[in-house]
Amino acid sequence: MLFRSRIVSRPEQAQVTLWRRRPPLATDPAGRPRASHGRAILSLWKLDNGRRERVEPRVQVLIGAGQRREAIQATALHELGHAFGLWGHSPDPADAMTALPGSPPILRLSPRDRATVRWLYSQPTPLRSDP
């Protein structure tokens, strides 16, 4: 298992929320508006439980409608990859984290994606909260 997760009853309790909404337009490097089928939006929250303060990441994952089922699944996988820390894109079209998805849609993390997640989660970080 790559990730430990649990479902919460209220969205405001979640570190990652998945919404079926059209992502807002972004801009490309030339400043032109760019639409996408999915987007992961990161914010950092300062929490204080009375004993100590900590910073916790919160990610909203937006998945637009109007795609085929497999395309929605591939978009969700890619955006959830961002939500779990894979903020970069892969140059390999066989990876779920590729910048330019092709056909057929990638529906599983590739061995490279998995290796990147394992490496990332082995790194020290001040954002890691105690279990």
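Student: In what order do the elements of the chain run from the N terminus on?

Tutor: The order is β-β-β-β-β-α-α, which gives 2 helices and 5 strands. The model is a predicted one.

Student: What are the overall dimensions of the chain, and what share of the residues is buried?

Tutor: The C-alpha atoms fill a box of roughly 50 × 35 × 30 Å along the principal axes. Of the 131 residues, 28% are buried. The accessible surface comes to about 9700 Å², and carbon and sulfur atoms hold 56% of that area.

Student: What makes β4 and β5 a pair of strands?

Tutor: Pairing requires at least two bridges. Strand β4 (residues 38–48) and β5 are joined by 11 bridges and run antiparallel, so the pair meets the requirement. One of the partners is tryptophan 45, bridged to glutamate 56 in β5. Lysine 46 stands opposite valine 55 in β5.

Student: What lies between β4 and β5?

Tutor: The two strands form a hairpin with 4 residues between them. Glycine 50, in the turn, has a positive phi of about 95°.

Student: How do you know that β1 pairs with β5, and in which direction do these strands run?

Tutor: The bridges between β1 and β5 number 4, and the strands run parallel. At least two bridges are needed, so this pair also qualifies. Threonine 17 stands opposite glutamine 60 in β5.

Student: How do you know that the length of α1 fits a helix?

Tutor: At 1.5 Å a residue, the 15 residues of α1 should span 21 Å. The end C-alpha atoms of α1 are 21 Å apart, so the two values agree.

Student: Why is α1 called mostly covered?

Tutor: A residue is buried when its relative accessible area is under 20%. In α1, 11 of the 15 residues are buried. Among them are Ala71, Ile72, Leu77, His78 and Glu79. The buried residues of α1 pack against β1 (16–19), β4 and β5.

Student: Why is valine 55 called partly exposed?

Tutor: The relative accessible area of valine 55 is 35%. Partly exposed covers values between the 20% limit for buried and the 50% limit for exposed, so valine 55 falls in that class. Valine 55 lies in strand β5 (residues 53–63). Together with Leu42, Leu44 and Trp87, Val55 forms a nonpolar patch on the surface, with about 370 Å² of accessible area for the four together.

Student: Why is serine 103 called exposed?

Tutor: Exposed means over 50% relative accessible area. Serine 103 has 74%, so the term applies. Serine 103 lies in the loop between α1 (69–83) and α2 (111–121). Its C-alpha atom is separated by 32 Å from that of proline 57, 46 residues apart along the chain.

Student: How many salt bridges does the rule give, and which residues form a network?

Tutor: The count comes to 6 salt bridges. Asp92, Asp95 and Arg112 are linked in a network of them.

Definitions and conventions
Residues are numbered from 1 along each chain as its sequence is written. This is a predicted model: local features need pLDDT of at least 70, side-chain atom pairs count only at pLDDT 80 or more; totals for chains, interfaces and linings use all residues. Side-chain values use heavy atoms; hydrogens and water are left out. Patches are made of residues with over 30% relative accessible area and no salt bridge: like charges are joined within 9 Å, nonpolar side chains (Val, Leu, Ile, Met, Phe, Trp, Tyr) within 5 Å. Accessible areas come from the Shrake-Rupley method with a 1.4 Å probe; for residues, only the protein chains shown count as cover. A salt bridge is a side-chain nitrogen of Lys or Arg within 4 Å of a carboxyl oxygen of Asp or Glu. Buried means under 20% relative accessible area, exposed over 50%, partly exposed in between (1.4 Å probe, protein chains only). The expected span of a helix is 1.5 Å times one less than its number of residues. Contact means heavy atoms within 4.5 Å.
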